[in-house]
Amino acid sequence: MPRLAAIAGALMLAACRTTGETGGANALYGEELDAALGLYGPYAEYLVLDGRPTYVWRRNFRTAEQNYFCELRVETGFRRTISRAEMQGFPDACRLFSVSYKAARNN
């Protein structure tokens, strides 16, 4: 969580206007579980896989023909720190996990 706060602070101090996007799974390594909860809301499922707590979020992308899905699995270790995060599923559904940011500095 402190790392996300530092990134957010840096963005606010950057040029007048900054925009961008970062992938969901990549942004989570080393963060506390609260970072994922803050970004994606409540998890859909809690599992214990190989003795490790694992949290699962799912996203759904609908077209006229079909529903497509993507799943984000986050494994935690010591003090609920994210030790592994991986995404699997239909690319357009996985894009729903992307984090968009836009920062503007008030002068």
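**Close-up views of a predicted model**

**View 1. The Glu86–Arg84 salt bridge in the predicted model.** Glu86 is partly exposed, as its relative accessibility is 35%. Its side chain meets that of Arg84 in a salt bridge with an N to O distance of 3.0 Å. Arg84 likewise counts as partly exposed, at 42% relative accessibility.

**View 2. The salt bridge between Glu71 and Arg58.** The closest N and O atoms of Glu71 and Arg58 are 3.0 Å apart. Because Glu71 belongs to strand S4 and Arg58 to strand S3, the pair ties together parts that are 13 residues apart in sequence. Glu71 is buried at 18% relative accessibility, whereas Arg58 is partly exposed at 38%.

**View 3. Antiparallel pairing of strand S4 with S3 and with S5.** Strands S3 (residues 52-62) and S4 (residues 67-76) pair over nine bridges, and a hairpin of four residues joins S3 to S4. Phe61 has Tyr68 of S4 as its bridge partner. Seven bridges link S4 to strand S5 (residues 82-89), with Val74 opposite Ala85 in S5. Five residues separate S4 and S5 in their hairpin, and Arg79 in the turn has a positive phi of about 55°.

**View 4. The salt bridge between Asp34 and Arg80.** The side chains meet at 3.6 Å, N to O. Asp34 lies in helix H2 (residues 33-40) and Arg80 in the loop between S4 and S5, so the pair ties together parts that are 46 residues apart in sequence. Asp34 is partly exposed, with a relative accessible area of 38%.

Conventions: Residues numbered from 1 in each chain as written. Predicted model: local features only at pLDDT ≥ 70, side-chain atom pairs only at ≥ 80, totals over all residues. Heavy atoms only, no water. Pairing = 2+ DSSP bridges. Helix = DSSP H or I, 4+ residues; strand = E, 2+ residues; numbered from the N terminus. Salt bridge = Lys/Arg side-chain N within 4 Å of Asp/Glu carboxyl O. Buried < 20%, exposed > 50% of the residue type's maximum accessible area, 1.4 Å probe, protein only.
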